[in-house]
Amino acid sequence: MDRSYRIRQATEADRDWITYAVKRWWGSTEMVSRGRLHDLLSLSSFVADTGSGCAGLITYRIDGGGCEVTSLNSSFERRGIGTALLDSVSAVARTSGCVRVWLVTTNDNLPALGFYQRRGFTIAAIHVNSLRESRKIKPDIPLTGLGGIPLRDEVELERRI
Ligand SMILES: CC(C)(COP(=O)(O)OP(=O)(O)OC[C@H]1O[C@@H](n2cnc3c(N)ncnc32)[C@H](O)[C@@H]1OP(=O)(O)O)[C@@H](O)C(=O)NCCC(=O)NCCS
């Protein structure tokens, strides 16, 4: 891949790639957070465009003074793509009058917990055993996550903007 990329709003022309990529990363285009089912394809998103394809995606939604990041993925890690996508959403959120960017990750995702905290996010809440409720909405959420850790809790992180 070309090492350079440009962050831009996703368009209808990206829909096929987003569908393919999200299914590969998450197994489905639907995501549950805080008891709500989100169709990632219907949310706003930015992509990292390399010129010959896309190499990262962030989806988000703005609601009630907050901006929730509903997914963040990078195809080529450690090149700044994840940070750049996050910063693009923060800029839109700020312009839209949001006071915080927030997200939930799961208790197994130790790399993500490090990634976000190094970027100024703090833990706002730990929703203990909330995946039990999430599975009622989306039964195919696995029981085990990264590193064989039981998938159990949502960790809510936020960054004031
Ligand atoms: C979390 C995730 C989005 C990060 O994406 P990324 O593109 O690797 O992010 P960045 O490149 O901006 O940052 C990752 C690391 O690479 C480093 N880095 C950035 N540019 C670099 C470069 N040119 N050379 C070397 N390292 C670099 C960053 O400093 C960072 O390290 P740090 O966290 O210790 O500071 C990615 O790992 C991912 O897709 N994970 C799987 C999905 C997931 O868990 N998503 C989050 C939960 S919703």
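**Notebook: fold, hairpins, helices and ligand shell**

I read the order of elements first: from the N terminus on, the protein chain runs β-α-β-β-β-β-β-α-β-α-β-α-β. I took helices (H or I, at least four residues) and strands (E, at least two) as DSSP runs, numbered from the N terminus. I then checked the overall dimensions: the radius of gyration is 15 Å, close to the 15 Å that the globule rule gives for 161 residues, so the protein chain is as compact as a globular protein of that length. The radius is taken over C-alpha atoms, and the rule is 2.2 Å times the number of residues to the power 0.38.

I note that this is a predicted model, in which local features need pLDDT of at least 70 and side-chain atom pairs count only at pLDDT 80 or more, while totals for chains, interfaces and linings use all residues. Residues are numbered from 1 along each chain as its sequence is written.

**Chain as a whole**

I counted four helices and nine strands in the protein chain. Along the principal axes, the C-alpha atoms fill a box of roughly 40 × 30 × 30 Å. Of the 161 residues, 32% count as buried; a residue is buried if 20 or more other C-beta atoms lie within 10 Å of its own, exposed if 12 or fewer, and partly exposed in between, with C-beta atoms placed from the backbone. Among contacts with a separation of 6 or more, 65% join residues 24 or more positions apart; a contact requires C-beta atoms, placed from the backbone, within 7 Å.

I followed β4 (residues 44–49) into β5 (residues 54–63), which pair in the antiparallel sense over five bridges. Strands pair if DSSP finds at least two bridges between them. Asp49 stands opposite Cys54 in β5. Four residues separate β4 and β5 in this hairpin, and Gly51 in the turn has a positive phi of about 100°.

I next looked at β5 and β6 (residues 66–74), which run antiparallel and are joined by eight bridges. Arg61 has Glu68 in β6 as its bridge partner. This hairpin has two residues between its strands, and Gly64 in the turn has a positive phi of about 55°.

**Ligand shell**

I found 16 residues around the ligand, the closest being Ser74, Glu77, Arg78, Gly82 and Thr83; a residue is near a molecule if its C-beta atom, placed from the backbone, lies within 6 Å of it. β6, α2 (81–95) and α3 (110–117) each supply at least two residues of the shell, and β6 gives the most, with four.

**Helix α2**

I compared the length of α2 with expectation: at 1.5 Å a residue, its 15 residues should span 21 Å, and its end C-alpha atoms are 21 Å apart, which agrees. The expected span is 1.5 Å times one less than the number of residues. The buried residues of α2 are Ile81, Gly82, Leu85, Leu86, Val89, Ser90 and Ala93. Their cover includes β1 (6–9), β4, β5, β6, β7 (100–106) and α3. Just after α2, Gly97 takes a positive phi of about 90°.

**Gly27 and Asp140**

Asp140 is found in the loop between α4 (131–137) and β9 (154–160). Asp140 is exposed, with 8 other C-beta atoms within 10 Å. Although 113 residues apart along the chain, Asp140 and Gly27 have C-alpha atoms separated by 9.2 Å.

Conventions: Two residues are in contact if their C-beta atoms, placed from the backbone, lie within 7 Å.
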